[in-house]
Amino acid sequence: MRPGPAAYGLDLLGDSPSSDAVRLLLYPLARDWTRDPAAVPEAGSLVVCGLHRDLRWATTAPLLGFGRPRPSASLLTGRDLPSLSWMIAKQYVTVRAEVTHRVLLTGEGPAAAPPADVEVLTHEDFETLDIREYLTASPWRRLMVEGHGKDDLVNLGVWGVLGLSDVRTPDGPVSLRPRYGYGHPHRKDERFLIPAGELRAAEIVLNSCQSTPLSDTAMYGTPYQLLLAAVDGTAQTIIGTLTASDSGPPETERLVRQRPADEDLAAVLNAGIADIDPYPVFVRHGIVRGTADSAPGTLGTPHRDREREDTEELLVTALDRAVGWAESGLLPVGHPLKAACASLLKKYTRLLRRTSPAESARIGDRLKQDLAALDRSIAERIADHPDDPMMGYSDYWGERSRVRTPARRVSCDACGTIAQKFTRTGRSRVIPDVEVIVCLRCGDGYFRFADGPRLTTTSPRTLHPGNPLGVTLDLAQARPGTVHYGLLTLPIFSDYTLTDPLRSASVAVDGGFSDSFTLETGPGIVPQGYYYTVFAVQDLSISIARHNFGVVPEPEPEPGAAP
């Protein structure tokens with residue numbers, strides 16, 4: 001059965017007799033086709049078709065809503081032309097009427113009161129059931145998987161849905177592999193890894209960060225992609241995420257209650273999550289059989305008054321931040337910063353009044369001394385305890401915030417890829433505003449308090465074991481005075497040395513400075529993807545920037561080459 005065509009189609013198949021054969025099957029799926037991305041109209045439903053290696057951010061991301069809204073858009077792709085042809089052919093299939101069961105597998109906690117016709121499996125089930133047998137015993141109308149993961153794996157307790165395929169596939173624009181791609185054991189027991197291609201479902205939803213990225217914004221190479229493994233299976237439609245996602249209970253609710261009908265589920269999810277992630281999180285692989293021509297609404301940008309006296313501005317800013325640390329519930333009872341900020345609030349709230357210039361200067365001097373002591377204690381605690389709740393403020397406060405102004409398209413400082421910059425505003429006065437930058441490749445690796453120091457970092461994307469990794473840190477928009485800053489690594493990145501991981505610097509009137517770190521790695525570093533985190537502390541704010549990099553083995557010597 002032929003589905004209703006989209007208004008427009010973008011053909012990225014290239015010129016070859018084999019591509020021409022695929023077009024015979026493809027072209028009925030849209031009314032008006034072009035091979036020029038610049039010729040695609042800004043409005044109307046769209047299908048973009050090409051091999052996965054050719055779906056790159058510079059061409060594809062703007063057509064999916066990065067820069068201009070287009071909720072009714074979908075992709076058709078595959079690892080090669082036979083794989084792509086299979087995905088196209090599945091668009092002509094009608095799901096059997098008796099295939100109606102839906103299932104949600106969630107590592108994020110149970111859904112609240114799911115409909116009776118939706119089965120929900122959570123951590124308790126992952127410990128007691130044979131999940132592979134459960135999922136493959138009968139076909140599903142919609143199979144929904146949500147949990148932490150990346151483009152090669154979604155974690156479900158001891159289980160995992162895996163992207164690795166036995167089909168030989170070139171790497172594409174990204175060559176980094178997971179650790180098992182370099183011959184090391186997988187972190188999970190391989191008995192509990194379920195290839196995505198084995199899932200018997202008409203529709204698969206992979207609800208984790210960057211589960212279906214574009215080819216050149218992926219963490220790992222083509223052979224490990226969840227998306228392409230799912231394409232090889234029965235799924236007619238695959239819903240995944242392009243980049244970082246703050247999906248939570250509202251999205252779970254939409255997943256379990258959205259009926260498998262003509263409405264575009266990716267557009268429904270994107271419209272719902274836009275209050276916290278104002279960019280296209282979800283993308284649909286497969287034809288949209290209905291219409292979704294309305295874009296999510298946007299709100300105007302509020303004007304903010306910047307003409308305040310310096311001491312009053314610092315006092316107000318410090319008190320707002322102290323409220324967040326002391327009263328938002330982020331920090332547990334007994335946390336030293338919680339008590340210190342409560343004391344700061346009591347001491348300075350009474351001074352938040354109109355005063356003489358001399359009294360204002362005295363308050364300012366006293367406040368700067370108190371903030372300096374607190375900032376140092378914060379930085380030292382982060383350096384000693386990288387998993388302190390303070391470093392999780394972006395998630396905790398983000399779940400209690402809204403995005404009230406449109407996102408702005410920027411370039412990622414770390415890698416140059418397209419990114420979205422926006423501010424999350426707390427739903428309550430106890431939740432500080434946080435600025436976020438989300439990059440298609442790096443994900444949500446940048447957070448800062450509104451008006452806090454702007455922190456960026458760069459380093460090489462890959463290195464060999466035993467070689468140094470040079471890290472550059474740049475700070476801007478800081479208040480003149482002292483800033484404490486440092487570098488953190490993952491616990492699994494263990495064979496290295498780092499001199500002076502916590503440092504301090506005096507910032508001049510221009511508000512900026514630069515520094516560098518060197519991670520001296522040892523030969524025992526396991527090849528795989530890693531990231532490091534740099535942070536800066538000033539006036540009770542913590543600015544955070546993360547950078548992805550990969551460790552790759554030394555290349556094998558050429559046959560006959562001298563040792």
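Trainee: What is the order of the strands in the antiparallel open sheet of four strands?

Mentor: In this predicted model, the order is β20-β22-β26-β24, and the pairing in this open sheet is antiparallel.

Trainee: What makes β20 and β24 the edge strands here?

Mentor: Each of the two, β20 and β24 (496-497), pairs on one side only.

Trainee: How do you know that β24 and β26 count as paired?

Mentor: Two strands pair if DSSP finds at least two bridges between them, and two bridges join β24 to strand β26 (residues 513-521), the two running antiparallel. Threonine 497 stands opposite glutamate 520 in β26.

Trainee: How many bridges join β22 and β26?

Mentor: Strand β22 (residues 468-476) pairs with β26 in the antiparallel sense over eight bridges, against a cut-off of at least two, and threonine 472 stands opposite serine 516 in β26.

Trainee: In which sense do β10 and β11 pair, and over how many bridges?

Mentor: Strand β10 (residues 159-162) pairs with β11 in the parallel sense over three bridges, and in β11 the bridge partner of leucine 162 is proline 195.

Trainee: Why is helix α1 called roughly parallel to helix α3?

Mentor: The axes of α1 (residues 17-26) and α3 (residues 81-90) come within 10 Å and cross at roughly 10 degrees. Angles under 35 degrees count as roughly parallel, and the crossing angle therefore makes α1 roughly parallel to α3.

Trainee: Which residues make the contact, and what classes do they belong to?

Mentor: Helix α1 contributes Ser18, Ser19, Val22, Leu25 and Leu26, while α3 contributes Leu81, Ser85, Ile88 and Ala89. By class, this contact has six nonpolar, three polar and no charged residues.

Trainee: How many cavities of 30 Å³ or more are there, and what volume does the largest have?

Mentor: The count comes to one cavity of 30 Å³ or more, and the volume of the largest cavity is about 170 Å³. There are 15 residues lining the largest cavity, and Cys412, Asp413, Ala414, Gly445 and Tyr446 are the closest to its centre.

Trainee: Which elements give two or more residues to the lining of the largest cavity, and how do the lining residues divide by class?

Mentor: The elements are β18 (434-439), β19 (443-449), β20 (454-458) and β28 (541-551). The lining residues of this largest cavity divide into eight nonpolar, five polar and two charged.

Technical notes: Residues numbered from 1 in each chain as written. Predicted model: local features only at pLDDT ≥ 70, side-chain atom pairs only at ≥ 80, totals over all residues. Heavy atoms only, no water. Axes fitted to C-alpha atoms, helices over the stretch in contact; angles between N-to-C directions. Parallel < 35°, antiparallel > 145°, perpendicular 65-115°, else oblique. Contact = heavy atoms within 4.5 Å. Nonpolar A, V, L, I, M, F, W, Y, C, P; charged D, E, K, R; others polar. 1 Å grid on protein atoms, 1.4 Å probe; cavity = no way out; pocket = protein on both sides within 12 Å on 5 of 7 lines; lining within 4 Å. Points joined across faces, edges and corners; volume = space filled by probe spheres on them.
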